[in-house]
Amino acid sequence: DNYGHGLASSSSGTGMFTKNTLTGNKGAGFSASSQANPNVISNIMYDGEAEGILIQNAAGFYEYNRVRNNTDPGIAVEFFKANPTIARNEVEGGMKAGIVFVSEAKGTVVENFIANNSQGGIVVSFGALPTIQRNMLKQNTQAGIWCKQKARPEILTNIIVMTNNGHGIVSEDQAVPSIRQNIIGHHSHSGVHFFNGGKGTCSENLIFSCGEANVCIETQAAPALVSNEIFDGTTGILVRDGGAGTISGTAVYGKLLSGITVRGENSTPTFEGCFIHDMKGVGVTDEGAAHFSGCHIFGCQVGIECRGGMTFTESQVRECPNGVIAYEGSTSTISHSILTSLGKVGVITYADSKIVVDHVKMYRCRIGLQLEGGGEVTNSDIYWNYENIVIPGGTATVSGNNVYDADNRGIMIKDGEPTVTNNMVFDNKY
């Protein structure tokens, strides 16, 4: 019940502070400032009107403390000379964030239990760059870890689960976190959320079972996602409203309605060497301008649904009922790829789609191509299907292809005004 801080260390002060109970103070429960370097161990700081622990331009070792139910952040680390070690504490029930780093502060946050804080588990902002490692963050509100305003934290090997009304990790406003080898799951919105110019690297994480999307990238965010496993939930990766970035070597699978969804013509992510497989929904839904290269899609209900202007090259779609469905307005390009072992149709184009299929191998499907819209099919090999090409209508151009070894017909034109020219059509049974 002091009007200032409960305990304070300043001006290069050291000392041991242990087994104290600090409660109801109007200032911080414990304050370290001006290059102080205390050991603060096994204290209880609760029900304060400010921070549980306030560290300003100071270092020190803070271990086994119980920090709970404070009005301001449980632990606040401020200014560029700050560099504390915060280890094995319990930080719970704060009205704001559990731990805050601001103004280029450094420090190590390791093996803490951080739960049920109202404005995030850990917030890092204004160029702060702590190392956050092996912590458990559970049931915080808004975010497990929120990075903003050019923050540069290293976030590795944490367990971040069950955020209420929020996300596991957030990067915004030119923040550049390094997010590596974490377990991130069961959040009400997204597991990792990049928006408003957020950047950073997200690698070798397990991200799963989130309400809106396991990873969401939007509004001029451009992160790098490398070698993650993303599974279960609603959508594996959602890119929308100008999101970009590069996603490489990542596996997306499990109980998902959509593996990858891209929305908005100004959304331009690049996917390289990704595996999208074995899910109950659509592998890729593109309404933007994504680029895929070296990717494999298999075991989905539909491989790709095209509504925008994606490019899909040097990739493969296999073992799905339908490979590629191009809807009205699609201007996508499928090139130098393989579509095989598709139970129904390799590529379906609907009215007014303008998809380009070029240098594609398409085989072991019920129907190789079913063309009802416009677009072009050129320089491709279509073979070993029951029907190689069926044209129910539309104005497609089919030119320069090898069409052979169908169990039924090579090319069947039912209606429309297609242009069929310079193809090699041979060894079809009917």
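**View 1. The lining of the largest pocket holds six nonpolar, three polar and four charged residues.** Here Ala, Val, Leu, Ile, Met, Phe, Trp, Tyr, Cys and Pro count as nonpolar, Asp, Glu, Lys and Arg as charged, and the others, Gly among them, as polar. The model is predicted, so local features need pLDDT of at least 70 and side-chain atom pairs pLDDT 80 or more, while totals for chains, interfaces and linings use all residues. Residues are numbered from 1 along each chain as its sequence is written, and side-chain values use heavy atoms, without hydrogens and water. The pocket (on a 1 Å grid over the protein atoms alone, an open set of points with protein on both sides within 12 Å along at least five of seven lines; lining residues have an atom within 4 Å of a point) has a volume of about 210 Å³, this being the space filled by probe spheres set on the points, which are joined across faces, edges and corners. Of its 13 lining residues, Ala97, Val100, Gln119, Val123 and Lys148 are the closest to its centre.

View 2. A cavity is a set of grid points where a 1.4 Å probe fits but cannot get out, and the whole structure has two of 30 Å³ or more. Seven nonpolar, three polar and one charged residues form the lining of the largest cavity, among them Val347, Leu369 and Glu376.

**View 3. The second largest cavity has a volume of about 30 Å³.** Its lining, which includes Leu22, Met45 and Glu51, is made up of three nonpolar, seven polar and one charged residues.
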